[in-house]
Amino acid sequence: MRIVLRPATNSDAGYLLRLEETCMRVYAEALWGCWRPSATIEAFDPANHYIIERDGVAVGCIAEIWQPDHVFIGKLYVDAPFQRQSIGAVVLEMKSKEACAKGIPIKLSVLTTNPADAFYRREGFEVESETAERRWMLKRWAATAASDSAISSL
């Protein structure tokens, strides 16, 4: 299995919005009682989005925002026919290596109605805080955890 991330373009908007609905609609409806897409095809901004390709076929996406002190994963969607094949885990491992090399943690949020919470816990994420709607999760590396401890003890 060869996983590649390629930058999304405006021509990917339809695919990405369909993927978002496929992966998130049921959880949004369970939480809020309705579904609202994040954008329209015309208004979609592909910045910070990457198409996940397995052996040359689009199978999902990841959206990330790099900050000086962490990387935030805004989306990690794997299309239904490709779920439970370790694709999400491989992509998270790729991002984990990048973040670890920079010495920064990964942060993300997951809706409380979304069972992906268990996947992220298996991948080493811990709940940092929680609201009625979201669990804010964090994955640290030994170096960042040690430096956080040193700073908090000052």
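A residue is called buried when its relative accessible area is under 20%, exposed when over 50%, and partly exposed in between (1.4 Å probe, protein chains only). Helices (H or I, at least four residues) and strands (E, at least two) are DSSP runs, numbered from the N terminus. The model is predicted, with local features needing pLDDT of at least 70 and side-chain atom pairs counting only at pLDDT 80 or more, while totals for chains, interfaces and linings use all residues. Residues are numbered from 1 along each chain as its sequence is written, and side-chain values use heavy atoms, leaving out hydrogens and water.

Of its 8 residues, 6 are buried, so E4 is largely enclosed by the rest of the structure. Strands count as paired if DSSP finds at least two bridges between them. E4 pairs with E3 in the antiparallel sense over 7 bridges, and a hairpin of 4 residues joins E3 to E4. In this pairing, isoleucine 65 stands opposite phenylalanine 72. With E5, E4 pairs in the parallel sense over 3 bridges, and here isoleucine 73 stands opposite leucine 108.

Strand E5 (residues 106-111) also holds serine 109, which counts as buried because its relative accessibility is 18%. Its contacts (heavy atoms within 4.5 Å) include Phe72, Ile73 and Trp136, leaving aside residues up to four places away in sequence.

Helix H1 (residues 13-32) brings in another part of the picture. Just after H1, glycine 33 takes a positive phi of about 80°.

Terms used: The expected span of a helix is 1.5 Å times one less than its number of residues.
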